[in-house]
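Me: I have a structure to read and would like to take one feature at a time. Please show me how.

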Amino acid sequence: MTESTLQFRKKRWLEFFDLSSPRRVAYLIRYAPDLGPRPLPFPDRIPERIDWIWKNYEYHMHRMGWLPDDSIPCLDMLTGTEIFAEAFGCLIHYPVDNNPAPFPLIHSAAEAEVLRVPSLDVPALRRVFEMADELVHRTSSEALFRLVDMQCPLDIAAMMWEKTDFYPALLKHPEVVNNLIEKITTLQFAFLDEWFRRYGIEFVAHYPDYYMPKGITLSVDEIGAVSGKMFLQYFLPHLNRYSERYGGLGIHCCANARHQWNNLRMVSGVRLLNINNQGEMVGEAYPFFADFVPQWNYDQSPIPRSPLEWLEEIPANAHIVLDFFAESKDEALMICEKMEQYNG
């Protein structure tokens, strides 16, 4: 598809992020009938993953010609949550039907203390860059990447540290926890600096898949397991560091973290917030954050409300992203026609 169409979509996202703009609804339509499922991010499936990423990108570039939703074609490098934990030395479990997951590496504060920051040349990270470089070689355009799964530092620490020892350590050994967080931050900063140097500062978020002109996106699921005081101690300073270093922040949270919502409003430079939870909590989130940040929330109820049902309930001042699934090209076009009325 033409560069002008891609630039037009980016411009619409920038307008959407501006809470003073009348463009208050963005929407993506999931319709890709011939691609098949995304291969699981296993090391022995790299050629399969590269081929799928490339076909997905080509399809969505072509799709821009007939489907005017807000999706941004990208080289979809989404990984599991394990890559930074693996870089530090965690062994990885590869289930047959799900994403990889790390086994704990740390079982005591003493083990956390001696852990060293790895280089970007460890296999877990080297594979990512090699895959991305191969995809760059396949395209002569300015293709955007979808960023790898980025968990915040304390979330990664919680994967690396055996849970029954980790949670007491938050109280008993805060200096050790903070030192580990700093090591993880150092590695992630090195990774991100190199990623943006190689592939540019624009990207599609790791989850959900919205456009980011610059900045970084992080998952903050462990905030549901800690107090508000611990949020201020272990999360807020680091989230603000990421936002300030890279020029903005997108946040995903699928924890039961209603008690942290006031604290989330203290994070600087938030561009989009994604709350994944039961419908009741999602319904509370829309008005609570309406004057703070655009939202792309998911209703995880057993029988979730449809996007259009949510649209009728959301406050008029809220900027929201909606996700639709279409069974046919005609249905996808009908959804687009219906949605355009909400933006004039």
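**Sheet and cysteines**

Reply: Four strands make up an open sheet, ordered E8-E9-E10-E11, with parallel pairing. Strands here are DSSP runs of E, at least two residues long, and helices are runs of H or I of at least four, both numbered from the N terminus. Two strands pair if DSSP finds at least two bridges between them. This is a predicted model, in which local features need pLDDT of at least 70, side-chain atom pairs count only at pLDDT 80 or more, and totals for chains, interfaces and linings use all residues. Residues are numbered from 1 along each chain as its sequence is written, and side-chain values use heavy atoms, leaving out hydrogens and water.

Me: Which strands stand at the edges of the sheet?

Reply: Strands of a sheet pair through backbone hydrogen bonds. Strand E8 (216-219) and strand E11 (298-299) each have a single partner strand, so one side of each lacks a neighbour in the sheet.

Me: How many bridges join E10 to E11?

Reply: Two bridges link strand E10 (residues 270-277) with E11, and these strands run parallel. Asn277 has Asp299 in E11 as its bridge partner.

Me: How many disulfides does a search of the whole structure find?

Reply: A disulfide is a covalent bond between the sulfur atoms of two cysteines. The search, which takes cysteine sulfur atoms within 2.5 Å as a pair, finds zero.
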